[in-house]
Amino acid sequence: MTISFDHSYARDLPGTYLRVPPDSAPAPRLLLLNQTLADDLGLTLDPADVVRWFSGAEVPPGADPIVQAYAGHQFGGFSPQLGDGRAHLLGEVLAPGGQRFDIQLKGSGRTPFSRGGDGKAAIGPMLREYLISEFMAAAGVPTTRSLAVVATGEQIWRETKLPGAVLTRVAASHLRVGTFQFFAARGDHDKVKALADYAIARHYPDLAAADRPYLAFLDAVIARQARLIAGWMGLGFIHGVMNTDNMAISGETIDYGPCAFMEGYAPGTVFSSIDHQGRYAYANQPQILGWNLARLAETLVPLLDPDPDRAVDLANDRLTGIAGHYRTEWTRVMRRKLGLFGEDAGDAALADDLMTAMTGADWTLTFRRLADEAALRSLFEDFRAMEAWLPRWRARAGEGAAQRTAASNPAVVPRNHKVEEALSAATEGEMAPFQALLSAIQEPFTATEAFTLPAPTGFGAYVTYCGT
Ligand code: AMP
Ligand code: MG
């Protein structure tokens, strides 16, 4: 079988990428293939091809591997040159519905953007991205997807020797805020305009006819990102590295590194070993949303209006609106989680007051058990604040709330202790625990026993790592 690749990025955006082949994998072995996703994309794949094509051992017919340039603010400091240091875009495919998707290898070898890195990835982090991205998709939050993980047969060096792997990632595109920043920082406004035109055509085609297409584009990215971050907050998801190079113009979650799901609700929760200041803590994510979008707006200013002052005013006006947009999206997410019909002026306050009342209790299970007071109580050391809040919720939610909250709140999320257990076993060559966890998180609204409970107290504080 062949894949019908197209190459619109390479065709339309010369000067924004380099043509670099992936490294060849010495002894590739298929660990995972996402057959459902392959079907959705209209791909008929032969396992023998998959293992060679999605490991870098062979460039599939019709592919034209490129690596994309981008910059980014990392923890607030600007890096003018990042780029694909360990990823290769094979090309794009058109799904049966006509939507265009990137097919990208990650962990596929060094490129001119690798700086000091080896261009490789270990099995653990690639399986982690596969697992968590597939959970996000199952839970209904926009995300890049994972088509395959192939072990390369190569040992790579991290703190110790680890088996290497390549992840095949499927994305609406890999345009990032940092892609715009790369060219804006060099004063190359023609490239910024070309990127904006490309992004509009690919992600927001209706906007091409708008009065001010670039302002409409900024509005559209703000709207999608506000919705995305509200979705994360609803799941208790902490991305961990919300650098501008990790924020996709498409509005999908991208670059699963040290991310994890919060268990006991605490707004300041951080898992990443390097986030000492808590910049990307759970409750900071909405502020970082605004900060990152301000960086995107800066790159677009020259396109917004011929009068520079007017252009800045337009951008500032949009940036001022982000907090309100986000609040609206968050309230929408919370209405669903609380099983509320319609809209009531008091809904946001009801949700805010729950945040105060549930401090310390398990994020996932609190929502899941709202309608079962005995089960809910067992999650709390001190139930008094909840005792005061629950009658307000019952009065607002009314009949059928139990069914609605069961349908809108996952019973299973990738619990940190289960993820670690599965990845350790996989690194030792034992895939069964990973497969069991993957099956459970693919049906997150069904309570698969053994995957619903928080980590035992002995598990301790959870720490995740970048650059793996
Ligand atoms: P990330 O933290 O994964 O978002 O990556 C930030 C930057 O570091 C990007 O430019 C990546 O391509 C690059 N990078 C991450 N890991 C590696 C690696 N093992 N080898 C080369 N470049 C890497
Ligand atoms: Mg990244």
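**Close-up views of the domain interface and the ligand site**

**View 1. Arg202 and Glu92 form a salt bridge through their side chains, with N and O 4.0 Å apart.** A salt bridge here is a side-chain nitrogen of Lys or Arg within 4 Å of a carboxyl oxygen of Asp or Glu. The model is predicted, and local features need pLDDT of at least 70, side-chain atom pairs count only at pLDDT 80 or more, and totals for chains, interfaces and linings use all residues. Residues are numbered from 1 along each chain as its sequence is written, chains are lettered from A and ligands numbered from 1 in the order in which they are written, and side-chain values use heavy atoms, with hydrogens and water left out. Side chains of opposite charge can pair when their charged atoms come close.

**View 2. The salt bridge between Glu92 and Arg202 links distant parts of the chain.** Glu92 belongs to strand E6 (residues 87–94) and Arg202 to helix H6 (residues 189–203), 110 residues apart. Helices (H or I, at least four residues) and strands (E, at least two) are DSSP runs, numbered from the N terminus. The structure holds 36 salt bridges.

**View 3. Domain 1 (8–174) and domain 2 (191–411) are shown together.** These bounds come from an automatic or database domain assignment. The C-alpha centres of the two domains are 27 Å apart. Contact (heavy atoms within 4.5 Å) joins 36 residues of domain 1 to 34 residues of domain 2. About 2700 Å² is buried between the domains, 63% of it from carbon and sulfur atoms; buried area is the accessible area (1.4 Å probe) that two parts lose on being put together, summed over both.

**View 4. Between domain 1 and domain 2 there are 4 salt bridges and 14 residue pairs in polar contact, both residues at pLDDT 80 or more.** A polar contact is a pair of N or O atoms within 3.5 Å; within protein, one must be able to donate a hydrogen and the other to accept it, and residues adjacent in sequence count only if both atoms are side-chain atoms. On the side of domain 1 that touches domain 2, helix H4 (123–139) is among the elements giving two or more residues, and H4 gives the largest share, 7 residues.

**View 5. Ligand 1 has 16 residues around it, each with a heavy atom within 4 Å.** Gly83, Gly85, Arg115, Asp118 and Gly119 come nearest. A side-chain N or O atom of Arg115 is 3.0 Å from an oxygen atom of ligand 1.
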